[in-house]
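Notebook open, viewer loaded. I want to jot down what I look up, one entry at a time.

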Amino acid sequence: RRNRWMKRYGTVEALQKSFGTCPPWGDLSPTQTRSLYHTLLPRSLLALNEMGFVTAEDLAPLAYEARIAAKEYARSRCVWTGRVGVFLFDQYRSLPDKGRLIQPGKSSSMSWEEIWAKYEGQILKEHAEKKKKGGMKVKELDEDELMMQTYMRI
């Protein structure tokens with residue numbers, strides 16, 4: 001099931017094969033492109049996890065790859081003016097975050113390690129805030145629980 005899903009939705013090429021390509025100038029407005037991206041997000045992977053076909057440890061990397069593929073595919077369908085705008089915005093956002101511009105042909109997406117650090121940091125911050133508020137007794141997060149929560153958030 002995992003391999004079948006990846007062949008159909010896990011890469012830009014797979015999405016192009018499943019849903020088609022567009023002319024070089026694009027065929028979707030920026031609003032339509034955003035809707036397409038949200039439609040392609042890998043929510044179906046959660047169902048595979050809930051049915052026991054995929055573990056959380058396998059689910060997170062699949063979701064990460066599928067998100068990147070969905071973003072690239074949706075952007076490829078956007079009209080050229082939207083693509084230029086997104087490229088310029090990615091460059092603007094990359095300077096303060098990474099201290100450099102994105103090289104042509106490189107992805108603006110965060111790496112697996114950056115995604116992991118982002119979500120793990122969010123979970124630790126939320127946990128610290130719960131502990132600070134007190135009220136209810138908050139149990140400590142052990143390494144396995146933190147790892148599982150991070151996998152599920154990705």
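Predicted model: local features only at pLDDT ≥ 70, side-chain atom pairs only at ≥ 80, totals over all residues.

**Surface first**

Residues are numbered from 1 along each chain as its sequence is written, and side-chain values use heavy atoms, with hydrogens and water left out.

**Inside and overall**

I looked up burial next: 31% of the 154 residues of the protein chain count as buried (under 20% relative accessible area, 1.4 Å probe, protein chains only). I also got a box for the C-alpha atoms, roughly 55 × 40 × 25 Å along the principal axes.

**Helices**

I found eight helices and zero strands in the protein chain (DSSP runs: H or I of at least four residues for helices, E of at least two for strands, numbered from the N terminus).

Then I picked a pair: the axes of α7 (residues 112-133) and α8 (residues 143-153) come within 9 Å and cross at roughly 115°. Axes are lines fitted to C-alpha atoms, for helices over the stretch in contact, with angles from 0 to 180 degrees between N-to-C directions. The contact includes W112, W116 and Y119 of α7, and L146, M147 and Y151 of α8 (contact means heavy atoms within 4.5 Å).

Key
Buried < 20%, exposed > 50% of the residue type's maximum accessible area, 1.4 Å probe, protein only.
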